[in-house]
Amino acid sequence: MQLARIHHVAIICADYERSKRFYTEVLGLRIAAENHRAARASYKLDLALPDGSQIELFSFPEAPARPTRPEAQGLRHLSFEVHDVRAAADELVAHGIAVEPLRVDEYTGRRFTFFADPDGLPLELYEAAPTENLDTLLLKLEGALHLREVRANAVQIEELLDDDFRELGVSGMEWTRPAIVDALRDEAFSERTMSDFRVQRMAPDIALVTYRAHRAAIPERAAADSLRSSLWRLRHGRWRMVFHQGTPL
């Protein structure tokens, strides 16, 4: 047997609406599916993480509380990787969530901290390995939005675009995140290239990206060049595009 990855982690909560708000509004996880099983008086909420793994949030009537202290045998805690542990921890504190002081892993040198969900389930924030600077990271993220395989995948697009995303297109039309996802399903794809790529840090959690884009010709339309600008925002430990504008040349 060869295991590929963890597909999902299942959690049983005491108060479904309370835990749903926590995992979607505080931690920012995307709802992939929500189902109510009347025969079992139970909800099942599928929450997607950017890497494709999921959390399944269940509600069962009169489920017993989970003992967390002292630590017992079995599953110990659930850990989420973030790019900036301090920024993610500060967001939790702003939501009124108690967070333990940051610590450093003596083996990896990376920072981590613990907090708890509404039922006391121990959760961890663990800092990702420093592999690239901000310019390199945003070049990769912005470039991904020009790739055929990404534009055709609604899940990947939704992970790259912030919930508050807005775009002013080269046609002058304003686009929302749902409208962009819907429009790209039937897009006549053109190869795109970027040049003169620049990143300016506007604030600790905001970066402005500017570049020149070239769209190759296809039977449906001619080639075109444009100036592009994007605002990227760091939230819940990851960068997502919150605004984009294109100006035709």
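This is a predicted model: local features need pLDDT of at least 70, side-chain atom pairs count only at pLDDT 80 or more; totals for chains, interfaces and linings use all residues.

Trainee: OK, the open sheet. What's the order of its four strands?

Mentor: The order is β1-β4-β3-β2, with mixed pairing. Strands here are DSSP runs of E, at least two residues, and helices are runs of H or I, at least four residues, numbered from the N terminus. Two strands pair if DSSP finds at least two bridges between them.

Trainee: Which ones are the edge strands?

Mentor: β1 and β2 (30-37), as each pairs on one side only.

Trainee: And how do β1 and β4 pair?

Mentor: In the parallel sense, over six bridges. Isoleucine 11 stands opposite leucine 57 in β4.

Trainee: What does α1 touch on the sheet?

Mentor: α1 packs on it, touching β1, β2, β3 and β4, and its direction makes about 165 degrees with that of β4. Those angles run from 0 to 180 degrees between N-to-C directions, with axes fitted to C-alpha atoms, for helices over the stretch in contact.

Trainee: How many residues are in the largest nonpolar core?

Mentor: It has 24 residues, and Phe22, Tyr23 and Phe115 are among those with the most contacts inside it. The largest share, four residues, comes from α1. A nonpolar core is a set of buried Ala, Val, Leu, Ile, Met, Phe, Trp, Tyr and Cys residues joined through side-chain atoms within 4.5 Å. Buried means under 20% relative accessible area, exposed over 50%, and partly exposed in between (1.4 Å probe, protein chains only).

Trainee: What else is in a core?

Mentor: A second, separate core of 23 residues includes Leu141, Leu145, Tyr211 and Trp232.

Trainee: Switching to α2. Which of its residues are buried?

Mentor: Val85, Ala88, Ala89 and Leu92, in a helix spanning residues 85-94. They sit on the same side of α2, because they cover an arc of only 100 degrees around the axis. That arc is taken from the directions from the helix axis to the C-beta atoms. What covers them includes α1 (16-26), β5 (78-82), β7 (111-116) and β8 (122-127).

Trainee: What caps the N-terminal end of α2?

Mentor: Aspartate 84, with a side-chain oxygen 3.1 Å from the backbone nitrogen of arginine 86. Just after α2, glycine 96 takes a positive phi of about 85 degrees.

Trainee: Now serine 230: buried or exposed?

Mentor: Serine 230 counts as buried, because its relative accessibility is 1%. You'll find serine 230 in strand β13 (residues 224-235).

Trainee: Which side chains does the serine 230 side chain make polar contacts with?

Mentor: One is glutamate 142, at 2.9 Å, and another is histidine 244, at 2.6 Å. A polar contact is a pair of N or O atoms within 3.5 Å; within protein, one must be able to donate a hydrogen and the other to accept it, and residues adjacent in sequence count only if both atoms are side-chain atoms.

Trainee: Last one, arginine 177. Where is it?

Mentor: In helix α6 (residues 177-184). Arginine 177 counts as buried because its relative accessibility is 13%. Its side chain makes a polar contact with the side chain of aspartate 163 (3.5 Å).

Conventions. Residues are numbered from 1 along each chain as its sequence is written. Side-chain values use heavy atoms; hydrogens and water are left out. Contact means heavy atoms within 4.5 Å.
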